[in-house]
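Hi,

Here is the structure I promised to pass on. Have a look first, then read my notes below.

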Amino acid sequence: MPETITATYKNGSLHPASPLNLSDNQSVRIIVLPAEPHDAKDELLQIMRNAGLIRSDHQATLPVPPDPVSEKRRLSIAEKLGKAKGKPLSEIILSERDQ
C-alpha cells in the first residue's frame with residue numbers, strides 16, 4: 001500500500017523520520033519530492049502528483065491514453081456553446097440530441 005513518509009538524506013542514505021512497516025530486505029520504489037515546495041506552483045504540482053492527477057517525470061515514458069474527444073469535435077462543441085449564450089447547458093444538450 002502506498003505510504004508518504006518524511007526522510008532525511010545523510011551520508012548517501014535516506015533516514016525515515018518514523019519507523020516503516022517493511023520486512024528486512026524488502027524492495028520498495030521511491031519517488032523523491034522536496035519536503036517543502038518552493039512556491040505555490042510547486043505545492044500544487046506536488047499535491048496533484050500525490051493524488052495521481054498528473055504523472056511525475058519518471059512516468060513520462062508510459063503510454064498516454066488516447067484523448068476521448070478529438071480536437072475537431074472539441075472545437076465544434078466550443079463553437080456551439082459560444083452561439084448559445086443565455087441557454088442552460090441542459091437545453092443545448094437536448095437540442096444537440098434532436099439533430
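Below is what turned up, starting with the overall layout.

Before that, two housekeeping points. This is a predicted model, so to speak of local features I needed pLDDT of at least 70, and side-chain atom pairs count only at pLDDT 80 or more, while totals for chains, interfaces and linings use all residues. Residues are numbered from 1 along each chain as its sequence is written, and side-chain values use heavy atoms, with hydrogens and water left out.

The protein has three helices and two strands. (Helices are DSSP runs of H or I with at least four residues, strands are runs of E with at least two, and both are numbered from the N terminus.) Reading from the N terminus, the order is β-β-α-α-α.

Now for the surface. Of the 99 residues, 4% are buried, where buried means under 20% relative accessible area, exposed over 50%, and partly exposed in between (1.4 Å probe, protein chains only).

Finally, the charged pair. Side chains of opposite charge can pair when their charged atoms come close. The count here is one salt bridge, meaning a side-chain nitrogen of Lys or Arg within 4 Å of a carboxyl oxygen of Asp or Glu. Glu-71 and Arg-74 form it, at 3.1 Å from N to O. These two sit three residues apart in helix α2 (residues 71–83), so about one helical turn separates them. Glu-71 is partly exposed at 46% relative accessible area, and Arg-74 is partly exposed at 36%.

Cheers
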